[in-house]
Amino acid sequence: MTRTQQIEHPRLVAIETTNRCNASCWFCPNNAMQREKQTMSDDLFEKIIDDCTKFPLDKIEPFLNGEPLMDPKLIERLQLIRRKLPNTKLCLYTNGTILTPKKIDALVGLGIDRLYVSLNTLDPERYESVMGLKLERTLKNLDYLTHPTRRALVAKLITIRMTRTPDISHQEQKEFVRFCRKRGVRPFIVGPFNYKGDIPSALPVPNFPCEHITRVDILSNGRVALCCMDQEGQYSWGDIRQNSVLEVYNSEEALRYRNALRGGRRRYTEPCNACNLFWPSLDHMPLFKTIKFTTEYLAYLIKHRPQGVRRPDRSQ
Ligand SMILES: C[S@@+](CC[C@H](N)C(=O)[O-])C[C@H]1O[C@@H](n2cnc3c(N)ncnc32)[C@H](O)[C@@H]1O
């Protein structure tokens, strides 16, 4: 068995418990998704969690393309994850609009490690035009969530996220940071991803390996997508109804992507050569490559400032 053929474990498993969403963010591919809208069956969800107990898993995300709170069984599913994977970090994203006080109370004590609320803007008009929803309701939920007596009971770390579209001013980004700090939560601002060319974004495509090669992204129908940018599962690694999580992660197709990207061949690998996801994967490679890719990543951060507060300019 060669070095590249050794069995590897994914560091993260993402499970699309539902691909339904109540928002219509223009920059999110969920808007134009062709796949059937569905909630994952209990059998499939439980099978995935059982598969995950067979190897050391660092992180689990029970959502993908959709709003996890649209899944009526979300709380039970979080409880199952906690019971069966007590040492795995549990991360949840939500747009927060249906994160009502009742739902927040239900999340208390579930052992969520990271909770992200995708707020995107504090401007009510822009909120409505970006997400198709009312800001007022979300802000009320956020007030309840971030109350000093409650926030630490809901999750170890709460982050409020903004997708930095070109029309968001420098001032608005700074106000967003102040808003988060005042509520004792972490602000996180990131430029738009282009979903392998499907969504407009001026951030360039890097050549260093993408962090998504070390995760498994399971769609609500059981197909395993290449990554969370493969919203239709067009570049599938396999099907979790037929194989285990570990088998799919070590399938020929998955290995082909990992070997190509770790070998510095992202620019020749479809669809990664059209995708601007800029978080790197730096492990499982010789030291000189780790240094090379780390240097390229740092240069990318300095040149393009893909995350954090940034003045809008003509290139973005
Ligand atoms: C696809 S959503 C799914 C979870 C949940 N519905 C939410 O809004 O957080 C996950 C995250 O991706 C972000 N997102 C969607 N499209 C994006 C894009 N083109 N670039 C950057 N982030 C994006 C969302 O704003 C959200 O923070």
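Two strands are said to pair if DSSP finds at least two bridges between them. Helices (H or I, at least four residues) and strands (E, at least two) are DSSP runs, numbered from the N terminus. The structure is a predicted model, in which local features need pLDDT of at least 70 and side-chain atom pairs count only at pLDDT 80 or more, while totals for chains, interfaces and linings use all residues. Residues are numbered from 1 along each chain as its sequence is written.

Strands of a sheet pair through backbone hydrogen bonds, in either a parallel or an antiparallel sense. In this model, nine strands form an open sheet with mixed pairing, in the order 6-5-4-3-2-1-7-8-9. Strand 6 (186-190) and strand 9 (238-239) are the edge strands, each of which pairs on one side only. Strand 2 and strand 3 are parallel and pair over two bridges, with Leu90 in strand 3 as the bridge partner of Ile60. Parallel pairing is also found between strand 3 and strand 4, over four bridges; here Leu92 stands opposite Leu115 in strand 4. By contrast, strand 8 (residues 223-225) pairs with strand 9 in the antiparallel sense over two bridges, and Val224 stands opposite Gly238 in strand 9.

A crossover is right-handed if, with the strands pointing away from the viewer, the path from the first strand over the helix to the second runs clockwise. Strand 2, helix 2 and strand 3 make a right-handed β-α-β unit. The β-α-β crossover from strand 3 through helix 3 to strand 4 is likewise right-handed.

In helix 1 (residues 42-52), the buried residues are Phe45, Ile48, Ile49, Asp51 and Cys52. Seen down the axis of helix 1, these residues fall within an arc of 155 degrees and therefore line one face of the helix; the arc is that of the directions from the helix axis to the C-beta atoms. Asp42 and Asp43, on the other side of helix 1, are exposed. The cover over the buried residues of helix 1 includes strand 1 (12-15), strand 2 (59-61), helix 2 (74-84), strand 7 (215-218) and helix 8 (245-249), where contact requires C-beta atoms, placed from the backbone, to lie within 7 Å.

Helix 5 (residues 135-145) has Leu135, Thr138, Asn141, Leu142 and Leu145 as its buried residues. Because they fall within an arc of 125 degrees when seen down the axis of helix 5, they line one face of the helix. Glu136 and Asp143 are exposed on the other side of helix 5. The elements against which the buried residues of helix 5 pack are helix 3 (101-107), strand 4 (112-118), helix 4 (124-131), helix 6 (151-154) and strand 5 (155-163).

The ligand is surrounded by 18 residues, of which the closest are Cys28, Tyr93, Asn95, Ser118 and Phe193; a residue is near a molecule if its C-beta atom, placed from the backbone, lies within 6 Å of it. Strand 3 (89-94) and strand 5 are the elements that give two or more residues to this shell.

Conventions:
Buried ≥ 20, exposed ≤ 12 C-beta atoms within 10 Å, placed from the backbone. Contact = placed C-beta atoms within 7 Å.
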